[in-house]
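Good morning, colleagues. Please look at the chain on the screen while I go through its side-chain pairings and its overall make-up.

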Amino acid sequence: MTQGTNGQNIINTINNTPSEQVIQSIEQQAMQSVLGTVPPPADLHLIQKIINQTGKFEPECYINRDLSTLRFQLRVLAQAVNPRHPLLERMLFLTIFSSNMDEFFEIRVAGLLQKMKNGNKSSSLDGRKPSELLAEISQVAHRAVDEQYRILNEEILPELAKSDIRYLKRHELTDAQKAWMREYFFLQVLPVLTPISIDPAHPFPRLVNKSLNFIVSLEGKDAFGRDINRAIVPAPRSLPRVIRLPDELTDGKDHHVMLSAVIHEHVGELFLGMKVIGCHQFRLTRNADLALADDVEDLAKALEGELDNRRFGHKVRLEVTTNCPKETYEFLLQEFELNESQLYRVNGPVNLTRMLTSFAKPELKFMPFTHAIPRAFRGVEAGRITKESDASMFHVIKKQDVLVHHPFHSFMPVVNLLWEAANDPNVLAIKQTIYRSGTNSEIVQALAAAARNGKEVTAVIELRARFDEASNIAVANMLQEAGAVVVYGVVGYKTHGKLMLIVRREEERICRYAHLGTGNYHAGNAKAYTDYGLFTADQHICEDVHGVFMQLTGMGRPMPSHQILHAPFTLHDGLVQMINDEIEHAKNGKKGRIIMKCNAITERQMINKLYEASRAGVQIDLIVRSICCLRPQVKDLSENIRVRSVVGRFLEHTRVYYFGNDKDNGGQERLFCSSADLMDRNLLHRVEVAFPILDKKLFKQIYQDGLMNYLQDNVQAWELDGRGEWNQVHHDGKKIHDAQQILLEKICS
């Protein structure tokens, strides 16, 4: 057992007991503290009045994308106060919130600031101007950050201290610990510090995006007789932000000091002969979006140059500690050309993302589990080359389609298939898309080995995968050195589809094997994200995958597809057509049914088509992890649409699109898994794939586990109402249904 909020005993195995009622009460109070950071919801009566007056899809019919994003971040923050989560996992959610907010400011807020400078014209579905959005974002973000640090200081840190995990302040150190910290400063920190005075000869330094810095206030003259009253001390990124004190000084307890405390304590050593009258940490956030022209001649070289610029983009946010004097933060605001609405004063370290360290406290973490191997692949030795009569992954896939549901299923079958292909003399070619991977990835290692073994290896690498650009350039260079053909897809269209195609000679015939997925070929993500992957030798699907690769590496008009839907060509129109079919069924008095699960829905035509379907009587359930611009449960607009979000232990990442297609009268149900969300960029400006599930058993498995299971969740689910508010679902005495936990027990036990 772990101790939760207010010291109540929290049980991991939940039943309908008085203890469960206590948990739910604590949970509701905790969530309210987070959700209290949002402004009042939209006026539903006004929205309905506008709809009735015009009959059109007016701006009021939509929820703003950026505000929806921010509300998703609040649902993440709410996990940090969720008493159902173990303590260290709650702390992890606190750091995830910090990381997410960093990206939100680097990309979304930075984009709004640029639009405001370019004329402040509205480009959002809801018609709001950038200046209006920035004002509301600032209001919500300031309240949310204040709540984040309240959670840290009043809940997380006191509870961690009960388990002998502490982040000690300078006044809490013993004399022996202070002596050790001083030695650490002189041996490990001082040699890499570079103080920069601010004077006419030393203008304010150009600081790297999100770097930790200290502004030091001084009195006296330096060695050259100069009166210098301010200096900047950047903290090198090579230094750890959290430093564990030696066991002999803590009786073996997990006691730490922050790097900021070490520098604060000894900053005077950098300015000998002068008096330090103030030292305060701060962090500057910059625009980190990359801008590349569509007509660049060498994408890799252009991207490498742009990556350097990312570190020094336009300034968007300043973070200081609450004890930073007004005179000091006003000086920084003026220097960075920011206003006070862009200032965030925090009661703790200015960057929580680097605060978490590893602790040997399994009782404070989620219970570990063993990733399952699909039954069809059990007994097949990894990468083993066998005789035709022996088992191999190719023989298994040729007999049947195989589905993996990560993270409940292991990612190793994907890796093993590539290694088997790399060493199989009958394999002629391997083609694969790579969006996020890394040079240490076994996927990349296997592709390189295959190329060195004489296979025709083609890797379509998306260099512009945000914040993984440098890693993908390194992957491209590594594969090219191994002899693989590396292409960067199509300029102007990110390659986001997850595809692998293996060509094998069998008894003088050429056979194809494919893997299609909803998530990246990344072993780390596969342990934390929910995703589907399909292994198939279906002739039509493999032919379609071949066609996609031909378009990515060659030229010519789009190739016709037998089974898959392919953005930017057929995916958008294909989904619209299937929605139209459901509308037609409903108009004819039959049952129209749509269930969609994705990360985000923002594309106007798709939203409008779903509104049209709702008006026709189609019953629609949307399971949307983060951004939802569709406004559900509004009379005469979307009263037949229900939207929910599930936020829990694993990041929901599957995209599944289901259409009933009048199944009660003999129609064939349709179910597609996809790499694409229902966003403009995915449907219209990226290379994406949606693939059908043709095997009836696998179809049922995804329908039950990946859709209905989540629609029944009453533990980690939230529902969106017509006012734009997210409300957590509570079981209220009903049987507990935790979708992710049910899958863990069903697949991994």
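Tyr 611 is buried, at 0% relative accessibility, where buried means under 20% relative accessible area, exposed over 50%, and partly exposed in between, with a 1.4 Å probe and protein chains only. This is a predicted model, in which local features need pLDDT of at least 70 and side-chain atom pairs count only at pLDDT 80 or more, while totals for chains, interfaces and linings use all residues. Residues are numbered from 1 along each chain as its sequence is written, and side-chain values use heavy atoms, with hydrogens and water left out.

Let me turn to the aromatic pairs. Rings of Phe, Tyr and Trp (its six-membered ring) pair if their centres lie within 6.5 Å; planes under 30 degrees apart count as stacked, over 60 as edge-to-face and the rest as tilted. By this rule there are 15 aromatic pairs. The rings of Phe 57 and Tyr 611 have centres 5.4 Å apart and planes at 45 degrees, so this pair is tilted. Phe 57 lies in the loop between helix H2 (44–54) and helix H3 (65–78), and Tyr 611 in helix H17 (residues 604–616), 554 residues apart. Helices here are DSSP runs of H or I with at least four residues, and strands are runs of E with at least two, numbered from the N terminus. Phe 57 is partly exposed, at 26% relative accessibility.

Phe 369 and Phe 650 form an edge-to-face pair, 5.8 Å centre to centre with 80 degrees between the planes. Phe 369 sits in the loop between strand E11 (343–346) and helix H10 (393–399), and Phe 650 in the loop between E23 and strand E24 (651–652), so the pair ties together parts 281 residues apart in sequence. Phe 650 is buried at 4%, whereas Phe 369 is partly exposed at 22%. Ring pairs also link Phe 204, Phe 282, Phe 331 and Phe 336 into a cluster.

I now come to charged side chains. Side chains of opposite charge can pair when their charged atoms come close. A salt bridge is a side-chain nitrogen of Lys or Arg within 4 Å of a carboxyl oxygen of Asp or Glu, and the whole structure holds 36 of them. Which residue does Arg 644 meet in a salt bridge? The partner is Glu 719, at 3.3 Å, N to O. Arg 644 belongs to strand E23 (residues 641–646) and Glu 719 to strand E28 (residues 717–720), 75 residues apart, and the pair links distant parts of the chain. Arg 644 is buried at 7%, while Glu 719 is partly exposed at 38%.

Lys 162 and Glu 159 form another salt bridge, at 3.1 Å, N to O. These residues are about one helical turn apart because they lie three residues from each other in helix H5 (residues 130–162). Lys 162 is exposed at 59%, but Glu 159 is buried at 12%. Arg 504 and Glu 506 also meet in a salt bridge, at 2.8 Å, N to O; Arg 504 is buried at 3%, as is Glu 506 at 7%.

Finally, the chain as a whole. The chain contains 20 helices and 29 strands, and buried residues make up 57% of its 749 residues.
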